[in-house]
Structures are given as C-alpha cells and as structure tokens.
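Hi,

Here is the structure I said I would pass on.

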Amino acid sequence: MGHSEICASIKGGAILEQMVVRKTVCLRRLGGHRRGEERAGRFFANRKVTVAKIVEGWSAQTGTACAGRHVLAIQDTTEVKFPTTAQRRRGLGPVKQGNTYGVLVHAMIAVDATTTACLGLVGGEVWTRPGVVTEPHRERPFVDRESHRWLATAERAKEVLRPAAGVTVIADREGDIYPNWASLPQAGVHQLTRAMVDRRLVDGGTLFDAAAGFAVAGRRRIELPARQPDRARRTAVVELRFGEVVIRRPRDEQDHTLAATVRLRLVDVREVEPEGVEPLHWRLVTTHEIADTTKAWQVVAWYQARWIIEQLFRVMKSQGLQLEDSQLATGERLVKLAAAATKAACIDMQLVQERDGKDQLPASVIFTEPEIETLEALSPTLEGKTERQQNLHPVASLAWAAWIIARLGGWNCYYKPPGPITMRRGMEQFYPIHRGRQLEMRLKREVRIP
C-alpha cells in the first residue's frame with residue numbers, strides 16, 4: 001500500500017476501536033472532540049476508503065479461528081433505515097417496501113457447529129439501491145440481480161474458510177436459488193437452506209407435496225428465540241419428517257450450463273401443538289447425507305443457529321451501536337459506516353461470549369499481536385492473592401484476554417460474570433494503556449544514549 005492508504009488503514013482501525021469501546025457510530029462520540037469528529041468524517045469521505053476494502057478486512061482473522069472446525073457459514077441480509085425526508089435523501093435508495101430509505105448489509109458469519117461460538121465475519125456486501133428496478137426479475141442476468149450476493153458470498157467462504165475441517169453454508173428462504181444448489185456444493189462444502197420455492201421433482205411431483213408424504217420420524221420440543229418486535233421466546237412441539245428428493249432445473253433458468261437435476265435431502269419440521277400463535281413450519285433442504293433420525297435432528301439444530309446472525313444485526317442497530325441514528329451527510333459515507341459497524345458489532349459479540357473460555361478461541365480473533373503483548377504485560381498486575389483472582393485461562397487465548405479486559409473494567413472476580421458494560425469499561429481503559437506502552441517502546445528505540 002502507498003503512504004496515504006496506510007494512513008487510512010490506521011485511522012480506520014482507530015475508528016473501529018472506538019465503535020467497540022463506546023458502543024456507538026455517532027461521529028461526535030467517536031471523535032471525542034471537535035477535531036476528532038472532523039477526522040472521523042474525513043475518513044469516511046476519503047475516496048481511497050472504499051466499501052470493498054472495509055468488507056475485505058472483515059475476514060482478516062477468521063480463517064485462523066476456523067482451523068480444524070466444522071463451520072456453519074451463516075448469511076443473511078438486513079435493511080438499515082436512516083431518517084430522511086424527500087428534500088434530504090442523502091443519496092440513499094429505497095428499502096423495505098420502498099417507502100423508507102437506507103442501505104442494505106449482507107453478511108456471513110462463521111459459527112462453530114458444535115459450540116455455536118461466533119468465530120468472525122467471512123464476507124458480504126454493503127450497498128444502497130440506485131432506485132426502483134422496473135425490469136422483470138427473470139429477464140435480468142443472474143449476476144445483475146441482488147440475489148447473486150447469496151452465491152458470491154458463499155463462494156468467498158470457500159477461500160476464507162479453507163482451514164476449516166468442513167463448511168455448511170446456511171441461509172433463510174431468500175437463499176433458495178437454483179444456481180446455489182447446482183454450483184456451490186463441493187467436497188467439504190455443504191448447503192442448508194429453508195425452502196421458499198415449491199420446486200418440480202424428477203418424479204413429476206413437487207417439493208412440498210413430497211415433504212407432506214414423508215412418514216413422521218419423531219417428535220421433540222425445540223426452543224425458539226425471541227424475535228422483535230412481537231414474537232416472544234417460546235417452546236414449540238414439532239414433528240420431524242425427512243427423505244430424499246431430486247429437483248429439476250427451473251424452466252425459466254437462463255443458465256443452461258447448470259446441472260439439469262440436483263439430488264438433495266429434505267427435512268420437514270412442523271409444530272403440532274401451537275398455542276395462540278402461527279404454527280412453525282420449516283422445510284429444510286440440504287446437501288448433507290441424512291441416514292437416520294439423529295442426523296435429521298442435527299440438521300434442524302444447525303439451522304436453529306441461524307438466529308446468531310440476527311443477533312449480530314441487533315447489536316449493530318437497535319441494541320448496540322445505534323447505526324440507524326447516524327446523521328452522516330451522504331449515502332456513500334453511510335454505506336462505509338455500515339460496513340465498519342458490522343465488524344464492530346461482531347467484535348462486541350465475540351468478547352462477551354468467550355469470557356468463560358468454553359470455545360477455546362485465540363486472542364488473535366480480536367486483538368493484534370502488539371495488543372496481545374500489552375495484555376500479557378498487564379495480566380500479572382491485575383491478579384490477586386486468591387485462586388479466584390488468578391487468570392487461569394491459557395495465555396493468548398480470547399478468554400485470557402477477556403479476563404484482563406474485565407478486570408480493567410472493574411470486575412472483582414466474584415459474583416456474576418462480567419457483562420457487556422464491564423467489558424466496555426475495560427476496553428476504554430485498555431486502549432490508552434496500549435497506546436502509551438507503544439509510545440514508550442518507540443521512544444526507547446529512537447532515543448540514542450551517547
């Protein structure tokens with residue numbers, strides 16, 4: 001990189017740091033003072049700072065964290081609405097039903113299939129629509145449709161998650177696209193998607209009819225997380241059916257190089273005892289082999305992990321960084337801000353989740369090597385005399401780093417585990433200490449004693 005790009009990268013890292021520490025995307029709070037606010041504004045206005053470069057940096061440390069694991073690569077899209085008027089659209093495009101304006105964030109996160117630990121971001125896209133598209137969906141080439149992002153992000157996962165033992169790409173109904181089924185799966189890379197399309201089958205029937213015809217294989221209670229704004233957390237009693245199907249290429253598919261048929265497994269999950277709510281019904285389609293009921297329930301559990309990416313979006317918006325409150329002046333800057341906020345939200349989730357060390361993640365998932373060195377210097381100064389006041393986590397693990405941050409935030413090693421507020425306070429203490437230590441080390445290198 002050239003000098004200007006290096007400077008932009010350093011400033012971007014400082015802004016990301018402040019997003020994590022202060023739980024905000026407000027430039028006034030990020031900057032801390034007028035000059036800092038202007039500096040943050042210039043960063044997002046810099047033409048050398050592009051959305052593509054910010055998104056590319058999302059996955060810098062994810063591959064290492066995924067090494068040797070079975071990874072669930074979960075992707076979804078969220079719409080970020082910004083306050084605007086007809087006279088002040090700021091270059092933003094329509095979202096929702098076209099009656100509000102904002103940007104769209106499509107992200108993929110890597111999640112450990114066994115522990116459901118968030119291992120980091122994989123890739124995605126952040127954009128704003130230029131306007132309402134009038135050309136019919138099926139008449140546009142696949143690469144020109146927004147739905148292409150599902151395949152492009154999944155293809156990116158193959159490279160980022162190469163160190164993983166296996167990858168299962170998971171998507172909700174929007175990801176049920178034939179090019180995904182026909183071109184994405186390969187050795188070690190599987191797909192799991194909730195079906196949206198009642199596809200034609202080779203035997204002449206349809207996907208949904210086939211699901212209804214499978215025999216009941218079991219019944220179980222499953223936990224459903226709360227969904228804002230009107231769905232509370234609840235337990236659902238569901239019946240399980242599963243079987244194999246062979247889908248046919250759609251008649252209107254433009255790409256005739258795609259396979260004419262694809263063999264898949266279908267898992268049907270239906271709620272049988274709903275209590276005053278719309279009954280749950282999932283038709284899950286996957287490339288995984290399903291030999292028995294145990295494996296079918298495993299597929300259901302993997303799909304349930306999809307809620308983690310919704311949690312990421314909540315941290316980014318209403319329950320954390322308050323992204324939708326930003327007053328940046330242009331759509332171009334808001335798109336960059338949304339990309340940076342996505343990374344900050346992911347760091348926030350990881351730091352809190354690993355406080356007990358159950359997932360055995362390395363500190364390098366969040367912290368740089370110089371920051372880890374500062375953490376190692378700090379650790380002995382924060383330990384007490386009792387066993388509970390000792391940092392017993394492996395050195396350079398994320399749990400070890402979280403213990404240090406919690407102690408800096410005022411945690412006394414007793415009572416309840418440290419929460420997000422304690423971690424935020426600890427990060428506020430850590431970064432000035434780290435910068436001071438780096439300055440001292442630089443001065444020692446530069447000062448020559450005769």
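This is a predicted model: local features need pLDDT of at least 70, side-chain atom pairs count only at pLDDT 80 or more; totals for chains, interfaces and linings use all residues.

The whole chain. There are 14 helices and 10 strands in the secondary structure. Of the 450 residues, 50% are buried. If you take the contacts between residues at least 6 apart in sequence, 65% of them join residues at least 24 apart.

The helix pair. The crossing of α12 past α13 is left-handed. On the α12 side, the contact is made by I372, L375, E376, L378, S379 and L382. Facing them from α13 are W400, A401, W403, I404, I405, R407 and L408. By type, the residues of this contact come to 10 nonpolar, two charged and one polar.

A buried glutamate. E371 also sits in α12. Is E371 buried or exposed? Its relative accessible area is 11%, which is under the 20% cut-off, so E371 counts as buried. What does E371 touch, leaving aside residues up to four places away in sequence? The answer is I366, F430, Y431 and H434. One of these, Y431, is 60 residues away from E371 along the chain, yet their C-alpha atoms are 8.6 Å apart. The E371 side chain also reaches the backbone nitrogen of T368, at 2.9 Å.

Two loop residues with positive phi. As background, most residues other than glycine have a negative phi. Which residues go the other way here? Q360 is one, with a positive phi of about 55 degrees even though it is not a glycine. Q360 lies in the loop between α11 (331-353) and α12. Y415 is another non-glycine residue with a positive phi, in this case near 60 degrees. You will find Y415 in the loop between α13 and α14 (420-446). Exposed means over 50% relative accessible area, so Q360 at 65% is exposed, and Y415 at 75% is exposed as well.

Cheers

Conventions. Residues are numbered from 1 along each chain as its sequence is written. Side-chain values use heavy atoms; hydrogens and water are left out. A crossing is left-handed if the near helix is turned anticlockwise from the far one by less than a right angle, and right-handed if clockwise. Helices (H or I, at least four residues) and strands (E, at least two) are DSSP runs, numbered from the N terminus. Contact means heavy atoms within 4.5 Å. Ala, Val, Leu, Ile, Met, Phe, Trp, Tyr, Cys and Pro count as nonpolar, Asp, Glu, Lys and Arg as charged, and the others, Gly among them, as polar. Buried means under 20% relative accessible area, exposed over 50%, partly exposed in between (1.4 Å probe, protein chains only). A polar contact is a pair of N or O atoms within 3.5 Å; within protein, one must be able to donate a hydrogen and the other to accept it, and residues adjacent in sequence count only if both atoms are side-chain atoms.
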